[in-house]
Amino acid sequence: MSNRWIEIDCIIFGLQPTHMKHTLLLILFTLLLPTTSAQYVTIPDAAFAQYLSTNFPQCMNGNQMDTTCPEIIYSPSLECNSLNIASLEGLQYFKNIELLRCHSNRLTTLPALPPRLKYINCEYNLITTLAAIPDSTLMFQCAHNQLTSLPALPDSLNYLDCSYN
């Protein structure tokens, strides 16, 4: 009897019985899928927000950054040199970057650094303190800042330049 109802439904919708089953499964699957909604955070530094808007326009809405945007999550590098940036707040959402170049800005500190960073160049800033350096870091250049001490350095580090501090 249930097959008869499927045949009647298929006649009404103009579908073959197998197509009707596939269509119903597709609709059911679509309704049950978890939805990922955008998660926005404010980028407080106007110069950094402008850099992000220029390089990741699909992820920005004014100074609001969508932290679920694939271009943010999977970006391999950030190169924001000589842009008058005073804060890199928002950097922590770039989970997969391996290269960070932020030299020649107005930074006084670095926020929590993404865990996969291998190469960091933050020379020629005003940095006085540093957060923990990720264990993956191979090269760290922090010369020409105002550092008086360094955090614990990872065993993976091959190159360190902290001259002129």
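How many disulfides does the count come to? By the rule that a disulfide is a pair of cysteine sulfur atoms within 2.5 Å, the count comes to one. The structure is a predicted model, in which local features need pLDDT of at least 70 and side-chain atom pairs count only at pLDDT 80 or more, whereas totals for chains, interfaces and linings use all residues. Residues are numbered from 1 along each chain as its sequence is written, and side-chain values use heavy atoms, with hydrogens and water left out.

The protein chain has four helices and eight strands, where helices (H or I, at least four residues) and strands (E, at least two) are DSSP runs numbered from the N terminus. Read from the N terminus, the elements follow the order α-α-β-α-β-β-α-β-β-β-β-β. Of the 165 residues, 35% count as buried, a term that stands for under 20% relative accessible area, with exposed meaning over 50% and partly exposed in between (1.4 Å probe, protein chains only).

In general, a disulfide is a covalent bond between the sulfur atoms of two cysteines. Here the disulfide is formed by cysteine 59 and cysteine 69, whose sulfur atoms lie 2.0 Å apart. The pair links distant parts of the chain, ten residues apart: cysteine 59 is in the loop between helix H3 (46-55) and strand E2 (60-61), and cysteine 69 is in the loop between strand E3 (64-66) and helix H4 (70-73). Because the torsion about the S-S bond is about -50°, the disulfide of cysteine 59 and cysteine 69 is left-handed. Both cysteine 59 and cysteine 69 are buried.

The sulfur of cysteine 122 has its closest cysteine sulfur in cysteine 102, at 5.3 Å, which is too far for a bond. Cysteine 122 is buried, because its relative accessible area is 0%. Cysteine 142 is likewise in no disulfide, the nearest cysteine sulfur being that of cysteine 162, 5.0 Å away, and cysteine 142 counts as buried because its relative accessibility is 0%.
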